[in-house]
Amino acid sequence: MTMHIIFLPLTDAESPVVICPADIFQNTDDGATWANVTWGFVNATDNSGSVTDLYVSHAPSSNFPIGSTQVTYSAVDAYNNTGHCSFIVTIINAESPVVICPADIFQNTDDGASWANVTWGAVNATDNSGSVIDVYVYHAPGSNFPIGSTIVTYSAVDAYNNTGYCSFSVTIIDAESTVVICPADILQNTDDGAPWANVTWGVVNATDNSGSVSDIYVSHAPGSNFPIGSTIVTYSAVDAYNNMGYCSFSVTVIGDF
């Protein structure tokens, strides 16, 4: 009997080996909703010694959006075996919203008040992600502000919980003078046998929009002796902010002495 030995052709069923880089975590580029991401060269090897094609879903130096994206490499050898590897590119939005406040505000008190009603234009916030979900302010425009300086702060939060801030000061100035109310002019005869008269009058009060009058001065105190003729009596009052108010009246002493 004659034996026939048949030699079957060898078949390569082994896939190429592709080695991807580790997962990549990267912040967005400044002011952008994405990041330009690069990585090193990816190689593929095969037991046959032949890799005919290498494909990639996203080339290095591509722009990647916020969030996670899978990058896949595949390699094909001469026997049409395909090998794969993949890694994740995660883009993180760590950029705070930008909030633009108005310039500092200086304003006088409202008439007769210890405060001023202050308003300003809309405050806007922008974010690289295109999303600002909330804008907060502790003192809203149109609020009453007391004398002195108050800091107004705006904060804005984006969809990724990043917070941005801006602030400005509102300074309310008390430039309003105190109000002093004098008595009416006084006409009085000389005291008996004297070239003068002892003249008195009621208490003179001063009020101020700030609620504070630190000092009251008078040129001639009640109970003073006034000579024949007319004398001007002047009261002045100073508030805590050094604003001064005045009033005056005349004391006329009549006599033939």
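## Exercises on disulfides and a sheet

Cys 20 and Cys 85 form a disulfide, with 1.9 Å between their sulfur atoms. The model used in these exercises is predicted.

**Exercise 1.** Find which handedness the disulfide of Cys 20 and Cys 85 has, and which parts of the chain the pair ties together.

*Solution.* 
- Step 1. Check the bond: a pair of cysteine sulfur atoms counts as a disulfide within 2.5 Å, and the sulfur atoms of Cys 20 and Cys 85 are 1.9 Å apart.
- Step 2. Take the torsion about the S-S bond: it is about 75 degrees, so this disulfide is right-handed.
- Step 3. Locate the ends. Cys 20 lies in the loop between β1 (17-18) and β2 (24-27), and Cys 85 lies in strand β8 (residues 82-92), so the pair ties together parts that are 65 residues apart in sequence.

**Exercise 2.** Decide whether Cys 182 and Cys 247 are buried or exposed, and state where each one lies.

*Solution.* 
- Step 1. Recall the cut-off: buried means under 20% relative accessible area.
- Step 2. Cys 182 has a relative accessible area of 18%, so Cys 182 is buried.
- Step 3. Cys 247 has a relative accessible area of 11%, so Cys 247 is buried.
- Step 4. Cys 182 is in the loop between β17 (179-180) and β18, while Cys 247 is in strand β24; 65 residues separate them.
- Step 5. Their sulfur atoms are 1.9 Å apart and form a disulfide.

**Exercise 3.** State how many disulfides there are and which pattern they follow along the chain.

*Solution.* 
- Step 1. The count comes to three disulfides.
- Step 2. One of them joins Cys 101 to Cys 166, with an S to S distance of 1.9 Å.
- Step 3. Counting the bonded cysteines along the chain gives the pattern 1-2, 3-4, 5-6.

**Exercise 4.** Classify Met 244 by its accessibility and name the surface patch it belongs to.

*Solution.* 
- Step 1. Met 244 is in strand β24 (residues 244-254).
- Step 2. Its relative accessibility is 32%, so Met 244 counts as partly exposed.
- Step 3. Met 244 forms a nonpolar surface patch with Tyr 217 and Tyr 246; together they have about 340 Å² of accessible area.

Conventions:
Residues numbered from 1 in each chain as written. Predicted model: local features only at pLDDT ≥ 70, side-chain atom pairs only at ≥ 80, totals over all residues. Heavy atoms only, no water. Patch = residues over 30% accessible without salt bridge, like charges linked within 9 Å, V, L, I, M, F, W, Y side chains within 5 Å. Areas by Shrake-Rupley, 256 points an atom, 1.4 Å probe, with all protein chains shown as cover. Salt bridge = Lys/Arg side-chain N within 4 Å of Asp/Glu carboxyl O. Helix = DSSP H or I, 4+ residues; strand = E, 2+ residues; numbered from the N terminus. Buried < 20%, exposed > 50% of the residue type's maximum accessible area, 1.4 Å probe, protein only.
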